[in-house]
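Hi,

Here is the structure I promised to pass on. Have a look at it first, and my notes follow below.

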Amino acid sequence: RVQNDKIIRIPERVVTVRKMFAMANHGYGIISIIRRFNEQKEPSFYGNDWNKAIIHNTLTSEAVLGYFQPKTNIDGKRVEDGERIQNYFPRIIEDELFYAVQAKLKQRNKYRGTGYRFTRKPGQNNLFAGIIKCAKCGASLIHLVRSRHGYSYLVCGNAHKHKKCEY
């Protein structure tokens, strides 16, 4: 928010961002954070339910450290335009926590392939990722693996995020 030509913190959003970083640092994945925020009715930054883009962009943006990277459009693509500006935004996360979360996100994504088709164990790969849809709501089906229990199954992506579908 801008007040008197100065960017100021929005206290309730600062609390939410710090909670998000704490959860990611304690091993919660993006989907788990989405599910928890939606279950707890945590207000999203954009008025709708939380989604992967909002969580991922918040956890990976250096804006939480106070940086701003000017960008421009060239041939329809966003590209950096000039040096990043330090202390442009109010800092809300410390470097140590930010970079710890970046390392954890990178480690979690180490085995991810295109469309989440590939896992650490070839027998658990989801070759149907992005191809089959829920018969009730049309969302993509996701492959859940319950290795401790020895089985895997497909579930509606909306149902997995506790949205309107129950299939």
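**Cavity, pocket and one lysine**

The lining of the largest cavity has four nonpolar, no polar and two charged residues. Here Ala, Val, Leu, Ile, Met, Phe, Trp, Tyr, Cys and Pro count as nonpolar, Asp, Glu, Lys and Arg as charged, and the others, Gly among them, as polar. Please bear in mind that this is a predicted model, where local features need pLDDT of at least 70, side-chain atom pairs count only at pLDDT 80 or more, and totals for chains, interfaces and linings use all residues. Residues are numbered from 1 along each chain as its sequence is written, and side-chain values use heavy atoms, with hydrogens and water left out.

The residues lining this cavity are A24, Y28, V101, K104, L105 and R108. Helix α4 (residues 95–108) gives the largest share, four residues; a helix is a DSSP run of H or I with at least four residues. On a 1 Å grid over the protein atoms alone, a cavity is a set of points where a 1.4 Å probe fits but cannot get out, a pocket is an open set with protein on both sides within 12 Å along at least five of seven lines, and lining residues have an atom within 4 Å of a point.

The second largest pocket holds about 900 Å³ of space, a volume being the space filled by probe spheres set on the grid points. Of its 28 lining residues, T58, S61, A63, V64 and F89 are the closest to its centre. Its largest share of lining, five residues, comes from α3.

Best wishes

Notes:
Helix = DSSP H or I, 4+ residues; strand = E, 2+ residues; numbered from the N terminus.
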